[in-house]
Amino acid sequence: YPRSESVSRLFERQAEATPNNVAVVCGNDAVTYDQLNKQANRLSRLLRSSGVGRGAIVGVLLNRSIDLIVALLGIMKSGAAYLPLDTAHPAGRIRYILEDSDVQVLLARKETLSDGAGIDTFKGKVLDISDALVAANEDGDLDRHIDPSDAAYVIYTSGSTGNPKGVVI
């Protein structure tokens, strides 16, 4: 594949070539490349209007689902990197990672935002992935300011020697 292209642009090319092919299946749910691309574009525009862009890190507190794939792709399309947070992790670990990473925006679903989710001290903006604002945004592809050398995601170590440490990929 062309090394000069970003992951999001490579995905858009696939969506253009095979818009009606199934891109993701999760349980009984499925979306085509075209549907996934449009949902990610809507989310990316919402993120950009929330101040997210190149160099930002967006937290993702979602269970495995099609929404998770939409979130990851939408974040990359905005130019930001994603920080996956496991909903099964203890609240203290989630709290620490959010504070340590300086995440300003967190994507979640209402059901993952229980009192014990570890976001009680989070000072950034929380966006519900299923929020009507996502659906209201334009769904066309965004401009091409994403550089393939930009960070894609941040992953935290297990923390077996103390506090977890973030690694930018």
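These legends walk you through a few close-up views of a predicted model.

View 1. Among the buried residues are Ile66, Leu68, Val70, Leu72, Met76 and Lys77.

View 2. At the N-terminal end, look for Ser65, which caps helix 3. A side-chain oxygen of Ser65 lies 3.3 Å from the backbone nitrogen of Asp67. Gly79 follows helix 3, and the phi of Gly79 is positive, near 100°.

**View 3. Leu107 and its neighbours.** Leu107 sits in strand 5, which spans residues 105–108. This residue is buried, with a relative accessible area of 0%. Leaving aside residues up to four places away in sequence, Leu107 touches several others, including Leu43, Leu47, Val58, Leu61 and Ile129. Ala71 and Ile75 are also touched by Leu107, and both are among the buried residues of helix 3. The C-alpha atoms of Leu107 and Asp128 are separated by 5.9 Å, although these residues are 21 residues apart along the chain.

**View 4. A nonpolar patch on the surface.** Here Ile155, Val167 and Ile169 come together as a nonpolar surface patch. Their accessible area together is about 230 Å². Ile155 belongs to strand 7, residues 154–156, and is partly exposed, with a relative accessible area of 37%.

Conventions
Residues numbered from 1 in each chain as written. Predicted model: local features only at pLDDT ≥ 70, side-chain atom pairs only at ≥ 80, totals over all residues. Heavy atoms only, no water. Patch = residues over 30% accessible without salt bridge, like charges linked within 9 Å, V, L, I, M, F, W, Y side chains within 5 Å. Areas by Shrake-Rupley, 256 points an atom, 1.4 Å probe, with all protein chains shown as cover. Salt bridge = Lys/Arg side-chain N within 4 Å of Asp/Glu carboxyl O. Helix = DSSP H or I, 4+ residues; strand = E, 2+ residues; numbered from the N terminus. Buried < 20%, exposed > 50% of the residue type's maximum accessible area, 1.4 Å probe, protein only. Contact = heavy atoms within 4.5 Å. Polar contact = N/O pair within 3.5 Å; in protein donor to acceptor, adjacent residues only side chain to side chain.
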